[in-house]
Amino acid sequence: MVDFSSWLNTNGKPAIIAGPCSAETEEQVLATANALKASNRIHAYRAGVWKPRTRPNSFEGVGEKAFPWLQRVQNELNIPVAVEVANAKHVELALEYGMKILWIGARTTVNPFSVQEIADVLKGVDIPVMVKNPINPDLALWIGALERINQAGIKQIAAIHRGFSSMNKQFRNAPNWEIPIELKTTLPSLPLFCDPSHIAGARDKLSYVAQKAFDLDFDGLMIESHYTPDSALSDAQQQITPGRLNEMLEQLIVRNARSNSAEFTAKLETYRSAMDELDSELIRVLAKRFDLSKELGEYKKENNVSVFQLERWKEILDSRIPFAQSQDIDAHFAEILMKIIHDESIRIQTGIFQQETQD
Ligand code: PEP
Ligand code: MN
C-alpha cells in the first residue's frame, strides 16, 4: 500500500479532509471551500453527492448535478475533492467528472456485495480510495472491504474510523478505539483517519474526539464543515463553520509517534523494561493460578463435585471487583479480566473431567 503522503501532500503533518456532509448548492460548496482554503490547513475537500439516509423522505443529496460545483473546487481552488460512492454507477460518474478521491461509507462497508461491485469497476483505475468502518464493530468486515479494494489493484488506500452503532448514546457512534488500534496493529502501513463528526454527532464533542485520535497517532481527520451549519440539510448538529474548524485545528496538539531525544529514549526504555518485567510476573502468577485450577479440578473429580459453582463465581466477582477498585483499577476492566480467568479455569477443569469420561 502506498504511503498516503504520495496522494495527499501534508509535509509530515496530519492530513485534514474537510467539507460539508452534503453538497447542497453551488454557492454552499464554493463558499465553504473558499473559507476552508483561506485557513491553509486542509489537504482535501469532502462532500456527499448521494446521501445514505436512515429514513426515506430525508434529503438524499443533489446527485450528479453537484459534480460541476466540485470540479470548480478542484480546478479553481486546486483542492482535491473526495466523494462517497456506494455502487458502480456512483464510481463511474465520480471518475467521469474527475473526482480525485473516493470513499466508501459505513453503510456500504457492511455489505460485501456492494464493496465487490465497487471493487470491480475500480479495476485498472488509479485513484485513492478510503474505506470507512462498517456500522457494526466488526474488524474482519472492515479488513475484508479494504482487501476487496486492494485486490482490485488499488494501491492508495486509507481507512476511516467513524465509530460504531451502539445503545450507549454518549456519542452518536461509539468510538470503540480498540478496533482502529487493532486495525493499525494488523495493517501498520495503512493510513488511518478519524472522522470525529460522525463519532461525536455534536459540535461540543468534536475536539475531544479529534484530540483522542491525535493522541492515538492517527494519520489524519475527515471532518464536516459547512458555511452555515445550522441550516445544513443533513447532519446539521455536528457540522461547524470553517472558522470554528480553523480554531479547533489550531488548538489540537499533534503528538509524535516517537522522539529522537536521547533522554526521552532512555526514559522510555526504563518504562518499557519495567513493564516487561511486570508482564512476566503477571504471566507467572497466572500460570500458578491455572496449576491450582488443575489440582482443584482433580480434587473435585475425585469427590464427584461439579466444575462450576455459581455461588463461588459470585463470591469471586463480589470480592475481586471492589479490591481492584481499591487499587485504582477500573471496575469494568476487573470484571472482564476475572471473567476471562474464570473461563480459562473452567476450561482446564472441564478438560480434566472429560479425561475421566474417556477413560
Ligand atoms: C458522511 O460522511 O456524511 C456519511 C454518510 O458517513 P458514514 O458513512 O460514516 O455514516
Ligand atoms: Mn454526514
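How far is the sulfur of cysteine 194 from the closest cysteine sulfur? The legends below take this up, starting with the cysteines. This is a predicted model, in which local features need pLDDT of at least 70, side-chain atom pairs count only at pLDDT 80 or more, and totals for chains, interfaces and linings use all residues. Residues are numbered from 1 along each chain as its sequence is written, chains are lettered from A and ligands numbered from 1 in the order in which they are written, and side-chain values use heavy atoms, with hydrogens and water left out.

View 1. A disulfide is a pair of cysteine sulfur atoms within 2.5 Å, and a search of the whole structure finds 0 of them. Cysteine 21 is buried, at 2% relative accessibility, and cysteine 194 is buried at 0%. (Buried means under 20% relative accessible area, exposed over 50%, and partly exposed in between, using a 1.4 Å probe and protein chains only.)

**View 2. Strand β6 sits inside the structure.** Look for residues 157-161. 5 of the 5 residues of β6 are buried, so the strand is largely enclosed by the rest of the structure. Ile157, Ala159 and His161 point one way, while Ala158 and Ile160 point the other way. In a regular strand the side chains alternate between the two faces of the sheet. (Helices, H or I with at least four residues, and strands, E with at least two, are DSSP runs numbered from the N terminus.)

**View 3. β6 pairs with β5 and with β7.** Two strands pair if DSSP finds at least two bridges between them. β5 (residues 129-132) runs parallel to β6 over 4 bridges, with methionine 130 opposite alanine 158. On β7 (residues 192-194), also parallel to β6, there are 3 bridges, and cysteine 194 is the bridge partner of histidine 161. The chain goes from β6 through α7 to β7 in a right-handed β-α-β crossover; β5, helix α6 (residues 139-151) and β6 also make a right-handed unit. (Right-handed means that, with the strands pointing away from the viewer, the path from the first strand over the helix to the second runs clockwise.)

**View 4. Asparagine 57 has a positive phi.** Most residues other than glycine have a negative phi. Asparagine 57 has a phi of about 65 degrees, lies in the loop between β2 (44-47) and α2 (67-77), and is exposed at 79% relative accessibility.
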